[in-house]
Amino acid sequence: MCGRYIHLRKQLSTLEPLMASNFDFLSLKPYTPPSWASHLDPIPSHIVSLAHLPTPIHRWNLPNLPPNTEVWLKRDDLSGMQLSGNKVRKLEFLMAGAIAEGADSVITIGGIQSNHCRATAVAAKYLNLDPFLILRTSKLLVDQDPALVGNLLVERLVGASLQLISKEEYAQIGSVTLANLLKQKLIKEGRRPYVIPVGGSNSLGTWGYIEAIREIELQIQSGTSNVKFDDIVVACGSGGTIAGLALGSSLSTLKARVHAFSVCDDPDYFHNFVQGLLDGLKAGVNSGDIVHIQNAKGLGYAMNTSEELNFVKEVAEATGVVLDPVYSGKAAYAMLKDMNENPKKWEGRKILFVHTGGLLGLYDKVDQLASFVGNWERMDVNESVPRQDGIGKMF
C-alpha cells in the first residue's frame, strides 16, 4: 500500500499549486470512517475533496401535506462541481480509487443526459484525468451529433470523449461489458483507464452517502431546531445513494427509515442490487430491513408525463426549489401522491427529503415545459410617458 501511494503522490504532483496546505478543495486526504461504520470492510484509505460541504438543510413548505407532517430538504443539489448533485459524494471516493491505481483516464457509462457522466467528466478534468463517456441514446440518433443540450454541453466543453451506443445494443450487451470493451481498447493504446460503474454505484461509491449520514448527524447536533427525522426520502436511479443512506441511518444515531422511489427498473431489482453493495462491505444486514423502495418510474427512465412536469413547475412556484425531472421531481411527485393516498402513514412525521440535483436535465424538457411557463407579456408603456433619445443608457 505504501508503494501505491508513493505513485499516487507523483500522480497528484501536477495539482500541487491547487493543493496548498491552507486549501482543502481538490486535496487528497486519508479517510477515517464514522465510529459506527468502522466495522465495515473494506474501508477506503483516501478521499478527494470535490464537494462543497455540508450542504444545507431547511424546512420545505410543500402544500397539502398530511396533518402535523413536516418536510425538510437536504440540498445536495448545492454540492458544487457544476451542479453535480449526489454524484459528487460518490466521486470523492471513486476518484481517490482511480488515483490510487495510477490511472490516467476514467471510463463511465449512462444515459445521454446522465448527470453522473457529466459529473465524472468534470471531476476527471479537475484531477488531470481524461474522461471517456459511453452514452446510451435512441437507435435513430446514435449516428448523429448529440448536440449541446444540458449535460452534453458541459461534457463537450471540458473535452470528454463521447462514445454513443443505442439503447438496443446496451440492453443486449450490458454496461459492464461495454465499459470493459472500451477499457481494453484504451489499454492497447497505452492508456491506464479506471472504470466507474453506472451512477458511481459500487461498494466504494456507497461510502459517499455513509459519510453524508455523518454530516446530517453533525448538522442536527449543531442546529437550533432540535429536529429528529423519522424518515429520509430520496430518488433511486442506480442504487448507491440509497445503500449508503440506509446503511448509515441504521448504524448511526439517526435511525430514520429510508424510503426510496425508483425512477427506473423496479423495487425488486434495487433490493437485490443494494444487497450486493451491502454484502460488498460485509455489512451483515438485509436491504429489505433498512430501506423501503417504491416504484416511481412512470412512463420510463427520463420520460415524463405532463402531470409530473407540471408538478415540478408548481413546486418551484410555491417554494422556489427547482426539482429535476428525472430523479427528485419524480420522487417528490410520488411521495406526495402516497401522502394523499395514505395520509395516516405519514401523519405527524418529520421527513428529510434529499434533493439529489440534476438541474441540467430540465434543458432536455423545454418543449414539454413550454405550456406550463407562459407567464410573459410585452410591457405596456403609455404613449404619454416622456421619451428622449439616449436617456436610457445601455452598457
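Because the model is predicted, local features need pLDDT of at least 70 and side-chain atom pairs count only at pLDDT 80 or more, whereas totals for chains, interfaces and linings use all residues. Residues are numbered from 1 along each chain as its sequence is written, and side-chain values use heavy atoms, with hydrogens and water left out.

Helices (H or I, at least four residues) and strands (E, at least two) are DSSP runs numbered from the N terminus.

Strand 5, helix 3 (residues 115–126) and strand 6 form a right-handed β-α-β unit; a crossover is right-handed if, with the strands pointing away from the viewer, the path from the first strand over the helix to the second runs clockwise.

Strand 6 also pairs in the parallel sense with strand 7 (residues 161–166), over 6 bridges, and S166 in strand 7 is the bridge partner of T137. From strand 6 the chain crosses through helix 4 (residues 151–157) to strand 7, and this β-α-β crossover is right-handed.

The loops hold several backbone features. Most residues other than glycine have a negative phi, and most peptide bonds are trans. The peptide bond from D41 to P42 is cis, with omega near 5 degrees, and P42 is placed in the loop between strand 1 (28–30) and strand 2 (46–48). L53 and P54 are likewise joined by a cis peptide bond, with omega about 0 degrees; P54 is in the loop between strand 2 and strand 3 (57–59).

N68, although not a glycine, has a positive phi of about 60 degrees. N68 is in the loop between strand 3 and strand 4 and counts as exposed at 66% relative accessibility. K282 has a positive phi near 55 degrees, lies in the loop between helix 9 (267–280) and helix 10 (287–290), and counts as exposed at 54% relative accessibility.

Technical notes
Two strands pair if DSSP finds at least two bridges between them. Buried means under 20% relative accessible area, exposed over 50%, partly exposed in between (1.4 Å probe, protein chains only).
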